[in-house]
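Trainee: Could you take me through the reading of helix packing and charged pairs in a model of this kind?

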Amino acid sequence: MPARDSFHSTVKNALIRDGWEITHDPYFMRYGDTEFYIDLGAEKILAAEKEGKKIAVEIKSFLGDSTVYEFHTALGQFISYRNILEETEPDRILYMAVPADIYDSFFRSRFGQMAVRKNQIRMIVYNAQKEEIESWTD
């Protein structure tokens with residue numbers, strides 16, 4: 001099993017506070033003889049507008065020296081995980097969780113916006129200090 005991201009507990013707590021039930025920690029997938037672990041699986045049970053919605057969340061902290069390099073790694077994981085989910089559990093939606101400061105500085109840049117749009121990345125933006133979800137992008 002892979003190491004947990006620095007903000008794993010932060011995002012998990014934020015999702016719980018937002019009304020999500022964590023169903024998998026981590027979310028395990030097997031495709032052929034290859035195993036994958038997405039950080040979290042969750043379901044929304046109480047709120048009518050999202051009732052029955054199932055998600056998987058890949059948490060990224062972007063704490064390294066190069067945001068672009070980390071984004072390339074995160075994007076490769078995201079696309080692989082999304083492809084496998086589409087084949088094995090098409091009703092579960094994959095999100096990439098990123099800290100608000102990285103969202104504001106990188107993902108709002110011209111390149112970041114283009115990369116998100118072209119790769120159809122669904123995102124959860126979290127406030128690491130408050131352990132809160134700031135926004136969802138679909």
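Mentor: We will take a helix pair and then some salt bridges. This is a predicted model, in which local features need pLDDT of at least 70 and side-chain atom pairs count only at pLDDT 80 or more, while totals for chains, interfaces and linings use all residues. Residues are numbered from 1 along each chain as its sequence is written, and side-chain values use heavy atoms, with hydrogens and water left out.

Trainee: What is a salt bridge, by definition, and how many does a search of the whole structure find?

Mentor: Side chains of opposite charge can pair when their charged atoms come close. The term requires a side-chain nitrogen of Lys or Arg within 4 Å of a carboxyl oxygen of Asp or Glu, and the search of the whole structure finds eight.

Trainee: Which residues are linked in a network of salt bridges?

Mentor: The network links Lys 54, Glu 89, Asp 91 and Arg 92. Asp 91 meets Lys 54 at 3.0 Å, N to O, whereas the closest N and O atoms of Arg 92 and Glu 89 are 3.2 Å apart.

Trainee: Is Arg 92 buried or exposed?

Mentor: Relative accessible area decides this: buried means under 20%, exposed over 50%, and partly exposed in between, with a 1.4 Å probe and protein chains only. Arg 92, at 5%, counts as buried, as does Glu 89 at 15%, whereas Asp 91 is partly exposed at 48%.

Trainee: Which residues of helix 2 meet helix 4?

Mentor: Contact means heavy atoms within 4.5 Å, and helices are DSSP runs (H or I, at least four residues) numbered from the N terminus. Phe 71, Leu 75, Ile 79 and Arg 82 in helix 2 meet Phe 111, Ala 115 and Asn 119 in helix 4.

Conventions: Helix = DSSP H or I, 4+ residues; strand = E, 2+ residues; numbered from the N terminus.
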